[in-house]
Amino acid sequence: MKLLILDRDGVINFDSDAYIKSVEEWIPLPGSIEAIAQLSKAGWTVAVATNQSGIARGYYDVATLEAMHERLRSLVAEQGGELGLVVYCPHGPDEGCACRKPKPGMLQTIAAHYGADLAGCWFVGDSLGDLQAAQAVDAQPVLVKTGKGLQTLAKELPVNTLIFDDLAAIAADLIHK
Ligand SMILES: O=P(O)(O)OC[C@@H](O)[C@H]1O[C@@H](OP(=O)(O)O)[C@@H](O)[C@@H](O)[C@@H]1O
Ligand SMILES: [Mg+2]
Ligand SMILES: [Zn+2]
């Protein structure tokens, strides 16, 4: 199956060092909603794997987080597309969970949900941890220059990392391949 997995903050929406703490603070990056809709209309299943330590830190609650994801889902639907499974890690960095990136737990959850193989599956992120999570399960690490992407570009990346300007460029590449 054509499965594409996306990080959320810095890939789909603007990120902030102060965390994205409300639906009002959750603002799509230019072209990202259209990109997801076009991919889904072209037969891609688009899923999301996002760290949300703001939950553990008490910055926002699960209901607020899910309202953000409902907003995302409805915006994609308005463009005629369909968003797939959204998986989040609500834990803090010191909790030792299995789901927080760079651990690949969320990618594995998504793959199991769809009965899909992660080998070579594109996982698009803006942080090194996203790329490392992909690498851990032989998925294809893909870096975008939005969000924290330009800072990440200056770090030592997994050798096979693909680099794109933004999610719209990824959609154009995958749809017109
Ligand atoms: O990029 P994704 O995984 O969708 O979500 C990242 C967010 O959960 C937040 O992750 C935090 O990292 P720490 O969780 O504090 O290490 C910081 O980088 C915040 O700026 C960022 O908004
Ligand atoms: Mg991110
Ligand atoms: Zn977790």
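**Fold and surroundings**

Reply: From the N terminus on, the protein chain runs β-α-β-α-α-β-α-β-α-β-α-β-α, where helices (H or I, at least four residues) and strands (E, at least two) are DSSP runs, numbered from the N terminus. The model is predicted: local features need pLDDT of at least 70, side-chain atom pairs count only at pLDDT 80 or more, and totals for chains, interfaces and linings use all residues. Residues are numbered from 1 along each chain as its sequence is written, and chains are lettered from A and ligands numbered from 1 in the order in which they are written.

Me: Which radius of gyration does the protein chain have, and what would a compact globule have?
Reply: The radius is taken over C-alpha atoms, and the globule rule is 2.2 Å times the number of residues to the power 0.38. For 177 residues a compact globule would come near 16 Å, so the computed value agrees: the protein chain has 15 Å.

Me: What share of the protein chain counts as buried?
Reply: A residue is buried if 20 or more other C-beta atoms lie within 10 Å of its own, exposed if 12 or fewer, and partly exposed in between, with C-beta atoms placed from the backbone. Of the 177 residues, the buried share is 44%.

Me: Why is strand 5 largely enclosed by the rest of the structure?
Reply: Gln 140, Val 142 and Val 144 point one way from strand 5, Pro 141 and Leu 143 the other way, and all are buried. Strand 5 is therefore largely enclosed, the buried count being 5 of the 5 residues.

Me: Which strands pair with strand 5 in the parallel sense?
Reply: Two strands pair if DSSP finds at least two bridges between them. Strand 4 pairs with strand 5 over 4 bridges, and Val 124 stands opposite Val 142. On strand 6 (residues 162-164) there are 3 bridges to strand 5, with Val 144 opposite Phe 164. The partners are strand 4 and strand 6.

Me: Which elements do the buried residues of helix 5 pack against?
Reply: In helix 5 (residues 128-136), the buried residues are Leu 128, Asp 130, Leu 131, Ala 133 and Ala 134. Contact means that the C-beta atoms of two residues, placed from the backbone, lie within 7 Å. The elements packed against are helix 4 (105-114), strand 4 (122-125), strand 5 (140-144) and helix 6 (149-153).

Me: Is Val 137 buried or partly exposed?
Reply: Val 137 lies in the loop between helix 5 and strand 5. Leaving aside neighbours within four places in sequence, Val 137 is in contact with Pro 104, Leu 107, Gln 108 and Leu 118. With 17 other C-beta atoms within 10 Å, Val 137 is partly exposed.

Me: How many of the residues of helix 1 are buried?
Reply: Helix 1 (residues 32-41) is mostly covered. The cover of its buried residues includes strand 1 (3-6), strand 2, helix 3 (62-78) and helix 7 (167-175).

Me: Which elements give two or more residues to the shell around ligand 1?
Reply: A residue is near a molecule if its C-beta atom, placed from the backbone, lies within 6 Å of it. Ligand 1 is surrounded by 16 residues, the closest being Arg 8, Asp 9, Thr 50, Asn 51 and Ser 53. The elements asked for are strand 2 (45-51) and helix 2 (53-56).
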